[in-house]
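I wanted to go from the sheets and their helices to the shell around the ligand.

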Amino acid sequence: MKPAAFAYARPLDWSEALQLVASGARPAAGTQSLGPLLNLRLAQPDMLADLRHLPDYAGVTVTGDAIRIGAGTTHAAIEDGAVPGRTGAIMAGVARRIAYRPVRNRGTIGGSLAHADPAADWVAVMPALGATAIALGPRGERRIALDGFVTGIFETALASDELLRAVEVPVLPDAVGWGHWKFCRKIGEFSKVTACVLAVPGAAPRAVLAALDGPPRVIADASALMADTEAEATRIVSGFPELDDWRRAVAQTALMQAVAAASQP
Ligand SMILES: Cc1cc2nc3c(=O)[nH]c(=O)nc-3n(C[C@H](O)[C@H](O)[C@H](O)COP(=O)(O)OP(=O)(O)OC[C@H]3O[C@@H](n4cnc5c(N)ncnc54)[C@H](O)[C@@H]3O)c2cc1C
C-alpha cells in the first residue's frame, strides 16, 4: 500500500519546526516507524515536517557530568561510539542490538522515544541510565525525567505542540555495573521482555522491566533485587497478572540475568 498524499516541509530552524507542528504537521525523523504507519494509512497527516536539517538535531556534547545527545542522533552513530566513556560503551552495546544496521542507519534515539513503542530498546534503557528528555515547545525548553516520559502504549509526556530536542544522560564512572537482557524470538525483532540493572557505586541500584505491553516499570531502589534476586524477581513479576505464564517466567529470567550481569566486576 502507498501513503495518502501529504505535503513535505523541511524546517531549517527550531522555531519554524514548532510552528509547523503547531499547525498540525507530523514530525518525521528516521521514518523507520512512521514510514510503515504512513504506508498502512494508520497515519494520514496533511504535512510531514522533516526534522533532519535542524541545527544541533544530531550530535553529542559533554558538559560537566552530563552528556547531551541530540534527538536526531542515529542508533548507528551511538553503536559506532558517538557517546563517550562508560555511558557510551553501555549505549553502544544496546544500539548494536536494535533491529538491523539499515534500520539503525536511519532510526534515531529521539524518534524511538517519541514513538514510545513499549518494546523499544531506548524506552527501557534510558530510564535505567537516569536520563532526562529535553522537550522544546512554544514556551521554551522543558526537562522530563525518562522515568515517567513514556506514559502508555505509544504515549509520552510530550505535549502536542512540543518536539523532543535532546536526551541527557549522566557521565557514569568506569566502575558502574550494568546488565541488559532482552528476549527476542529472532535477531533483529522487537523484544518480548527487557530488563536492565544499573549499579553505581555508592548509590541505590536501579532496575527497569520493560517490553511488557505498557510503559516501563522502573524500580528506583533495586537493593532488594540485588540482595535476594530470585525471590524479589518472583515478587516483581507477580505484579503483572495480565501476562501469560510464559511471559512472566521470561520476565523473571530477564531480571535475574540483568542482575547477574550488573554484579560482575
Ligand atoms: C524492521 C524494524 C525493526 C525494528 N526493530 C527495533 C528494535 O529491535 N528495537 C527498537 O528499539 N526499535 C526497533 N525498530 C524501530 C526503530 O528503532 C526506529 O528507529 C524508531 O522506532 C523510530 O525512530 P525514527 O527516527 O525512525 O522515527 P520516525 O519513524 O521518523 O518517527 C516515529 C514517531 O516519533 C515522532 N517523532 C520523531 N522524532 C520526533 C521528535 N524529535 N519530537 C517529537 N516527535 C518525534 C514521529 O512523528 C512519529 O510519530 C525497528 C524498526 C524496523 C523498521
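This is a predicted model: local features need pLDDT of at least 70, side-chain atom pairs count only at pLDDT 80 or more; totals for chains, interfaces and linings use all residues.

**Entry 1: the three-stranded sheet**

With that rule I looked up an open sheet of 3 strands, and I found the order β1-β3-β2 with parallel pairing. The edge strands are β1 (7-9) and β2, each of which pairs on one side only. I then read the angle between neighbouring strands of this sheet, which are turned by 30 degrees against each other on average, with direction ignored. Helix α1, residues 14-22, packs on this sheet and touches β1, β2 and β3, and its direction makes about 160 degrees with that of β3.

**Entry 2: the chain as a whole**

I stepped back to the chain, which has 10 helices and 14 strands. It is divided into domain 1 (7-49), domain 2 (60-169) and domain 3 (179-263), and I looked up the separation of the C-alpha centres of domain 1 and domain 3, which is 35 Å. The C-alpha atoms fill a box of roughly 55 × 45 × 35 Å along the principal axes. I wanted to know how the radius of gyration stands against that of a compact globule. For 265 residues such a globule would have a value near 18 Å, and the chain has 18 Å, so the two agree.

Next I followed strand β4 (residues 60-63), which pairs with strand β5 (residues 66-70) in the antiparallel sense over 4 bridges. Within this pair the bridge partner of Thr-61 is Arg-68 in β5. The two strands form a hairpin with 2 residues between them, and Gly-64 in the turn has a positive phi of about 60 degrees. On to β10: 5 bridges join β5 to β10, and these strands run antiparallel, with Ala-66 standing opposite Pro-170 in β10.

**Entry 3: the four-stranded sheet**

I then turned to an open sheet in which 4 strands follow the order β11-β12-β13-β14 with antiparallel pairing. Which strands stand at its edges, and why is one side of each left without a neighbour? They are β11 (177-183) and β14 (217-219), and each has a single partner strand, so one side of each is left without a neighbour in the sheet. Here neighbouring strands are turned by 10 degrees against each other on average, direction ignored. I noted 3 bridges that join β13 (residues 206-210) to β14 in the antiparallel sense, and I found that Leu-209 has Arg-217 in β14 as its bridge partner. Helix α10, residues 245-263, lies across β11, β12 (193-199) and β13, and it runs at about 155 degrees to β11.

**Entry 4: the shell around the ligand**

Last, I asked which residues come nearest to the ligand. Of the 29 residues around the ligand, these are Gly-30, Gln-32, Ala-99, Gly-107 and Gly-111. By class, the shell has 15 nonpolar, 10 polar and 4 charged residues. At least two residues of the shell come from each of β2 (26-28), α5 (101-106), α6 (109-115) and β10 (163-170), and α6 gives the most, with 5 residues. Domain 1 and domain 2 each supply at least three residues to the shell.

Definitions and conventions
Residues are numbered from 1 along each chain as its sequence is written. Two strands pair if DSSP finds at least two bridges between them. Axes are lines fitted to C-alpha atoms, for helices over the stretch in contact, and angles run from 0 to 180 degrees between N-to-C directions. Two residues are in contact if their C-beta atoms, placed from the backbone, lie within 7 Å. A residue is near a molecule or strand if its C-beta atom, placed from the backbone, lies within 6 Å of it. Ala, Val, Leu, Ile, Met, Phe, Trp, Tyr, Cys and Pro count as nonpolar, Asp, Glu, Lys and Arg as charged, and the others, Gly among them, as polar. Domain bounds come from an automatic or database domain assignment. The radius of gyration is taken over C-alpha atoms; the globule rule is 2.2 Å times the number of residues to the power 0.38.
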